[in-house]
Amino acid sequence: MAKPGKVIWFGPYHDETSGLNMMTSSCGFTKNGTAAGVITMTVGIDELEDYVKNITGTGKTRQSCH
């Protein structure tokens with residue numbers, strides 16, 4: 001929560017339950033200037049790799065979860 005709006009990635013790590021290699025991202029957010037919570041997403045690395053391979057666009061990037 002030190003930097004709300006900044007996405008932080010954790011991993012990669014091997015999930016014993018699913019047998020998959022995973023990565024997790026988290027992003028803190030505020031409401032009315034006060035820390036309100038954290039959004040977290042865990043994805044399989046294979047799924048993430050497939051998603052990234054299929055990205056098309058203008059080449060512009062956005063690195064905030066606001």
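I take two strands as paired if DSSP finds at least two bridges between them. Strands (E, at least two residues) are DSSP runs, numbered from the N terminus.

I note that this is a predicted model, in which local features need pLDDT of at least 70, side-chain atom pairs count only at pLDDT 80 or more, and totals for chains, interfaces and linings use all residues. Residues are numbered from 1 along each chain as its sequence is written, and side-chain values use heavy atoms, with hydrogens and water left out.

Entry on E1 and E2. I looked up the pairing of E1 with strand E2 (residues 21-31) and found six bridges in the antiparallel sense. Phe10 has Thr24 of E2 as its bridge partner. The hairpin of these strands has six residues between them, and Gly19 there takes a positive phi near 80 degrees.

Entry on His14. I located His14 in strand E1, residues 7-14. His14 counts as partly exposed because its relative accessibility is 42%, between the limits for buried (under 20%) and exposed (over 50%), with a 1.4 Å probe and protein chains only. Beyond its neighbours within four places in sequence, His14 is in contact (heavy atoms within 4.5 Å) with Gly19, Leu20 and Asn21. I also found that Ile45, 31 residues from His14 in sequence, lies 9.8 Å from it, C-alpha to C-alpha.

Entry on E2 and E3. I found that E2 and strand E3 (residues 34-44) run antiparallel and are joined by ten bridges. Phe29 has Gly37 of E3 as its bridge partner. Two residues lie between E2 and E3 in their hairpin, and Asn32 in the turn has a positive phi of about 55 degrees.

Notes:
Helix = DSSP H or I, 4+ residues; strand = E, 2+ residues; numbered from the N terminus.
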